[in-house]
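Take a look at the model below.

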Amino acid sequence: MGGGEYQLSFESFAHDEDVRGIAVISEDCFATSSRDKTVKLWRRTPASTSAASAAGSEFGLDKTLVGHTSFVGPLAWIPGRQTAAAAGGGGGGGEGTSDAAGAGKGVLVSGGMDCLVLVWDLETGEVAQRLAGHEQQVTGVTATAAGDIATCSVDKSIRVWRDGHCQQQLSGHESSVLCLAAAANGLLFSGSGDCTIRCWEGSSCIKSVRAHSDSVRGLALLPAVGLLSASHDGSVKLWDLSLQPLLEMVGHTALVYSVAATAGGELIASGSEDATARVWRDGECMQVLEHPSCVWAVAFLPSGDLITASADGAIRIWTRDSARVAPEGLRATYEERVKSCRKKKTVGGVNVDELPGIEALQQPGHKDGQTLIVRENDVGVAYQWSHKEFNWERIGEVVDGPSEPIDAKMFEGKQYDYVFDVDIGDGVPVRKLPYNHGDNPYDVADKWLLSQDLPLGYREQVVDFILRNTGQANPMPLGATIPDPYTGGQAYVPSATPSWGGPAPAARAPGQPSPAAPAAAATAAAPAQEKLFPKRGYLVFDSAQYDGIMKKLKEFNTTLATQSAQSALSAEQLEHLDSLVSVLKDTSHYHSSSFAPHHYALISSLLSSWPSANLFPVLDLLRMMLLHPSAAAWFSANASGPGVCVQSPVSAHGMLMAAIRRAAAEPPTPANHLTGVRVAVNVFGLPSLHHWPRQHRAEVLDLFAPCAASSNKNVRLALATLLLNYAVLLVDKTAAAAAGEDLEEGQVQTLSAAFELAAASEADAEVRYRALLAIATLMHSGVVRDTAVEMGAAEVVQAAAAATATNALPQLGREMKSLIT
């Protein structure tokens with residue numbers, strides 16, 4: 001593989017419509033799928049042919065496979081099996097190891113809008129098997145480690161097939177299942193429109209995480225590291241196989257449809273609605289490959305060459321090998337095509353080019369809530385200033401209103417009262433849905449679905465969409481996003497993560513409907529909220545102002561040095577402190593970075609020797625270290641490590657408990673209480689440390705009990721978060737039994753502390769909410785429900801339900817009434 005940038009190597013418009021999927025069979029053979037209802041097989045041909053020379057590569061069309069009755073999406077090559085076996089291995093877009101001949105050494109599997117999964121014999125080009133069972137569009141195809149075919153669908157199910165028969169049906173996702181990936185250890189991963197990734201072992205879901213703030217659209221394995229996910233929220237994330245987050249890659253300005261990795265794992269590629277494929281190395285975007293239209297799929301050949309599938313009906317191969325670069329004429333023509341497709345973008349009538357760049361975010365805002373629109377990759381992106389966090393928080397991409405007059409509602413030469421832009425959320429281009437007042441919405445829905453070749457099973461959802469967006473149903477709140485009529489998903493625009501427990505920020509979708517009112521006023525009913533309890537998963541405090549922490553540490557150190565204190569740091573130790581912070585700042589490399597022994601020794605020394613009044617910035621660094629996988633693994637060890645403490649070596653466990661004891665020691669200070677409780681909260685961040693809070697629960701909660709009476713609401717909020725994490729931990733009966741823990745004792749201690757913060761006398765609504773959610777989670781488990789009622793749960797719940805708070809506190813109170821009746 002070359003070491004330079006990717007350049008165009010090959011381009012073909014053999015498909016008549018959008019190219020949707022790619023399956024790599026070998027270095028010399030791959031397949032593509034399309035909305036034109038076909039699958040095409042490509043093979044490398046002699047470079048001397050005129051066709052190959054003009055295309056810039058040696059690939060030519062070998063076969064066109066016809067069998068689906070609607071557009072074809074996911075593809076997977078299953079090596080090592082005869083076609084009659086119809087079994088599988090290897091996911092769509094992954095690297096195959098079979099010979100280019102393919103026939104007899106594997107099968108190709110495709111899924112379509114026609115709800116079918118087809119198994120192809122590549123030697124004959126015929127359908128070898130039809131796997132029927134899904135009730136709606138098939139959205140993902142892969143293979144299990146056992147060699148079975150796994151498929152997923154808009155019908156929310158996952159099916160596992162063997163020898164042409166469905167062996168298992170997995171359910172649990174609350175929305176369309178959009179993608180699959182299978183690991184060599186037997187685990188199967190699924191991504192969904194419900195924003196979660198689920199991990200399956202056999203027929204059981206062993207873990208589920210809310211992975212993104214919008215639909216999880218693509219999954220792929222990163223060899224020897226973990227799992228990659230692509231999302232409609234505009235991000236790509238890396239996870240270990242236990243679904244702990246390792247890395248986030250942000251750069252796309254619209255939905256991300258697919259993700260892939262090279263065989264060696266050194267490069268990652270992603271394809272997006274923003275008409276780019278991006279190439280990533282170590283979490284950084286190393287190259288942006290512009291396309292004339294959105295990129296549905298990406299896949300690497302074993303050599304590292306990149307294949308992209310685009311909405312303009314083209315497949316393209318990109319290479320870093322100068323010997324395989326397309327002729328200059330072809331590349332120049334392509335660049336002109338891309339250039340002509342670029343639209344001059346405006347935001348509020350202002351050219352995006354005239355907006356300030358991201359360097360404007362280096363200046364602090366003037367007031368809390370101030371908004372600023374900056375230019376990022378030729379789009380306008382809105383940020384809001386947070387005085388509490390003292391930084392600019394990303395809101396999302398700003399989409400301008402229509403450039404044509406408001407009253408221009410023409411479609412195919414006819415005038416309509418409404419012409420909606422509909423994105424069905426499976427990668428299909430935006431469709432136009434015309435509607436006039438007085439039309440029967442059921443007739444309109446039926447005709448539109450037939451004209452768009454979409455299943456009639458969507459009828460009720462389309463009707464509901466029409467009614468809501470024409471004012472014939474419940475009034476639509478101003479500023480809400482228009483839900484996708486098929487998945488109920490939010491607007492497909494990258495947006496900031498909402499405040500925990502609160503509503504998502506409003507944002508306008510690309511292609512906002514154009515009714516008789518301005519685009520900015522087009523609204524829809526908000527999707528139904530999920531039940532708030534029981535809480536699943538843990539909260540952490542994962543942001544830090546490192547510059548402020550270091551400034552305070554050096555200020556304290558200067559004071560100690562002037563007092564000739566032995567605990568003052570030397571110049572070398574200050575350098576060690578700087579290098580420790582550098583590791584913490586570089587979140588893109590958390591999966592590969594680690595701390596040196598002198599880093600742990602330094603933190604241990606500061607925790608044991610510095611005066612109590614100077615302790616809080618040290619605790620803040622410790623808090624952030626606990627979220628680093630390498631540090632969490634170190635702290636989870638019981639044995640003493642060399643050089644752990646300069647003065648008196650202690651175990652990693654002892655270091656954490658000693659830090660918490662000092663934070664809670666007399667005389668109490670709000671700063672130490674705040675950072676100390678946050679240290680305890682962040683111990684829950686990674687699974688390798690989950691045994692620690694269980695082991696030390698009684699002492700930790702006793703030490704921080706006085707924080708409930710703190711006049712500082714941030715201290716009380718930290719304590720409420722700690723109690724909520726303990727509630728989640730203590731309802732795990734299996735883990736408690738394995739640890740030999742008295743489940744009821746721990747739950748009662750947590751419950752009692754939570755009641756202090758959930759009372760109506762608590763002034764901060766978020767503190768009340770988190771404490772009450774802890775109570776709800778514990779009551780839901782059933783062990784301490786009666787105890788909670790005796791403690792006065794009915795009164796606390798009634799007060800919460802009647803509260804006028806703007807967060808989810810009143811809703812939680814209403815939902816909890818079922819626990820006390």
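What follows is a short walk through these parts.

This is a predicted model, in which local features need pLDDT of at least 70, side-chain atom pairs count only at pLDDT 80 or more, and totals for chains, interfaces and linings use all residues. Residues are numbered from 1 along each chain as its sequence is written, and side-chain values use heavy atoms, with hydrogens and water left out.

The largest nonpolar core has 98 residues. Such a core is a set of buried (under 20% relative accessible area, 1.4 Å probe, protein chains only) Ala, Val, Leu, Ile, Met, Phe, Trp, Tyr and Cys residues joined through side-chain atoms within 4.5 Å. Leu621, Phe704, Leu722 and Met816 have the most contacts inside it. Helix α14 (residues 713-730) gives the most to this core, with 12 residues. Helices here are DSSP runs of H or I, at least four residues; strands are runs of E, at least two. Apart from this core lies another, of 17 residues, Leu267 and Leu330 among them.

Now the helix pair. Helices α16 (residues 743-758) and α17 (residues 765-781) pack at about 150 degrees, with axes 8 Å apart. Axes are lines fitted to C-alpha atoms over the stretch in contact, and angles run from 0 to 180 degrees between N-to-C directions. Contact means heavy atoms within 4.5 Å. Residues making it include Leu751 and Phe755 of α16, and Leu772 and Ile775 of α17. Met816 also touches Leu772 and Ile775.

Last, the loop. Asp148 sits between β10 (138-143) and β11 (149-153). Asp148 counts as buried because its relative accessibility is 5%. Its side chain makes a polar contact with that of Arg162, at 2.8 Å; the term needs a pair of N or O atoms within 3.5 Å, within protein one able to donate a hydrogen and the other to accept it, and residues adjacent in sequence count only if both atoms are side-chain atoms.

How values were computed. Buried means under 20% relative accessible area, exposed over 50%, partly exposed in between (1.4 Å probe, protein chains only). Lists of a residue's contacts leave out its neighbours within four places in sequence.
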